[in-house]
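This briefing concerns helix packing and salt bridges in the structure shown below.

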Amino acid sequence: MAFVISKKQAYPWPVTVKTPDPARPGKWQSQTFTATFKRLPPLEVQEYLARLTGKDLPDPDDMSPEERYRRESEFLDEVLLGWDGINDDEGVPVPCSDDTRAAVLDIIEVRRAVFSAFFESAMGKKADAKN
């Protein structure tokens, strides 16, 4: 199969979210949805990584939790363009909007899984999640 240089600036990627299993205390359950990620140039990915880890600061250890959260949210708002396969408790699909994105990404397991999936897709390896 020939390599195709796509002009599309977005692509689908599976996101596997591991959450505590309510039926089996102490065990995990995996659920998957498909994210639509924005394609970023390599330099921009590296710049985001520096900002997410605080390497753009004189002392990265001085980054407050609030600042880290703000930077993470800014990044996720930039790269997570949409999704397919997220439903509410009644099985109704949840559309991606600014409000629903914020609510979904406020679930720690989802936030961690989206970071991991994006960096796996962009860099070909699992993210070293410190989030």
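**Helix packing and charged contacts**

Helices H1 and H4 cross with a left-handed geometry. The model is predicted. The crossing of H1 and H2 is also left-handed, and a search of the whole structure finds ten salt bridges. The contact of H1 with H4 has no charged residues, whereas that of H1 with H2 has eight.

**H1 against H4**

- The axes of H1 and H4, the latter spanning residues 108-123, come within 12 Å and cross at roughly 145 degrees.
- On the H1 side, the contact is made by Val-45, Gln-46, Leu-49 and Leu-52.
- On the H4 side, Phe-115, Phe-119 and Met-123 take part.
- By class, six residues of this contact of H1 with H4 are nonpolar, one is polar and none is charged.

**H1 against H2**

- Two packed helices are described by the angle between their axes and the distance between the axes.
- For H1 and H2, the axes come within 9 Å and cross at roughly 155 degrees.
- This angle makes H1 roughly antiparallel to H2, because angles over 145 degrees are counted in that class.
- H1 contributes Glu-44, Tyr-48, Arg-51, Leu-52 and Thr-53 to the contact.
- H2 contributes Arg-68, Arg-70, Arg-71, Glu-72, Glu-74, Phe-75 and Glu-78.
- The residues of the contact of H1 with H2 comprise eight charged, three nonpolar and one polar.

**Salt bridges around Arg-51**

- Arg-51 forms a salt bridge with Glu-74, and the closest N and O atoms of the pair are 3.3 Å apart.
- Arg-51 lies in H1 (residues 42-53) and Glu-74 in H2, so this pair ties together parts that are 23 residues apart in sequence.
- A salt bridge also joins Arg-51 to Asp-56, with 3.5 Å between the closest N and O atoms.
- The relative accessible area of Arg-51 is 24%, which places this residue in the partly exposed class.
- Glu-74 is likewise partly exposed, at 33% relative accessibility, and Asp-56 is partly exposed at 37%.
- A network of salt bridges links Arg-51, Asp-56, Glu-67, Arg-70, Arg-71 and Glu-74.

- The side chains of Lys-38 and Glu-78 meet in a salt bridge, with an N to O distance of 2.5 Å.
- Lys-38 belongs to strand S2 (residues 28-38) and Glu-78 to helix H2 (residues 65-79), so the pair ties together parts that are 40 residues apart in sequence.
- Lys-38 has a relative accessibility of 26% and counts as partly exposed.
- Glu-78, with a relative accessibility of 26%, counts as partly exposed.
- Glu-78 is also among the H2 residues that meet H1.

**Pro-65 in H2**

- Pro-65 lies in helix H2.
- Pro-65 is exposed, having a relative accessible area of 64%.
- From C-alpha to C-alpha, Pro-65 and Tyr-11 are 31 Å apart in space, and in sequence these residues are 54 residues apart.

Definitions and conventions: Residues numbered from 1 in each chain as written. Predicted model: local features only at pLDDT ≥ 70, side-chain atom pairs only at ≥ 80, totals over all residues. Heavy atoms only, no water. Salt bridge = Lys/Arg side-chain N within 4 Å of Asp/Glu carboxyl O. Helix = DSSP H or I, 4+ residues; strand = E, 2+ residues; numbered from the N terminus. Buried < 20%, exposed > 50% of the residue type's maximum accessible area, 1.4 Å probe, protein only. Axes fitted to C-alpha atoms, helices over the stretch in contact; angles between N-to-C directions. Parallel < 35°, antiparallel > 145°, perpendicular 65-115°, else oblique. Left-handed = near helix turned anticlockwise from the far one by under 90°. Contact = heavy atoms within 4.5 Å. Nonpolar A, V, L, I, M, F, W, Y, C, P; charged D, E, K, R; others polar.
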